[in-house]
Amino acid sequence: SALIGLFLARPSLPVADNSPLKEHLDVIKACAGAGQKARNEGMGIVGLCEWMTEVRDQFNDALNAVRTARRLQDRVRAALQTFQMELLVQRCNGNPLLKVSGAETHKGEAQSGDR
């Protein structure tokens with residue numbers, strides 16, 4: 001249960017420097033800060049639009065990568081929550097799960113199958 005909690009908290013951890021998502025997040029961050037950067041550097045709206053046009057494909061790729069990672073993260077979270085709920089239901093029913101030859105069985109089922 002504590003391990004599941006750790007995995008569920010994982011999305012709040014920062015992206016590692018060696019993560020494939022790091023480059024994509026840097027592109028998104030640069031685009032998000034481009035307006036202020038253009039103002040500070042005197043680039044003007046035309047310069048900003050030209051720069052945004054140049055990085056549009058990179059920006060779209062970055063957004064798609066982050067969306068894909070998020071969908072995967074959501075599926076993992078849902079699977080872990082389902083597992084956690086099933087485990088809690090079995091514990092409430094007094095049937096702790098046993099691991100037998102790679103297959104999960106309920107304590108009552110394992111004993112009745114031996115008869």
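Where pLDDT is low, the predicted coordinates should not be read in detail. Local features need pLDDT of at least 70 and side-chain atom pairs count only at pLDDT 80 or more, while totals for chains, interfaces and linings use all residues. Residues are numbered from 1 along each chain as its sequence is written, and side-chain values use heavy atoms, with hydrogens and water left out.

The chain contains six helices and two strands, taken as DSSP runs numbered from the N terminus (helices H or I, at least four residues; strands E, at least two). Starting at the N terminus, the order is α-α-α-α-α-β-β-α. Of the 115 residues, 10% count as buried, where buried means under 20% relative accessible area, exposed over 50%, and partly exposed in between (1.4 Å probe, protein chains only).

Helix α5 spans residues 56–92, and its 37 residues reach 53 Å from first C-alpha to last. That is close to the 54 Å expected at 1.5 Å a residue, the expected span being 1.5 Å times one less than the number of residues. Within α5, Ala 62, Leu 80, Leu 87 and Gln 90 are buried. Just after this helix, Gly 94 takes a positive phi of about 80°.

Side chains of opposite charge can pair when their charged atoms come close. The count comes to three salt bridges, each a side-chain nitrogen of Lys or Arg within 4 Å of a carboxyl oxygen of Asp or Glu. In helix α2 (residues 20–32), Asp 26 and Lys 22 lie four residues apart, about one turn of the helix, and their side chains meet at 3.4 Å, N to O. Arg 70 is partly exposed at 42% relative accessibility, as are Asp 74 at 32% and Arg 77 at 22%.

Disulfides (pairs of cysteine sulfur atoms within 2.5 Å) number zero in the whole structure. Cys 31 is buried at 10% relative accessibility, whereas Cys 49 is partly exposed at 43%.
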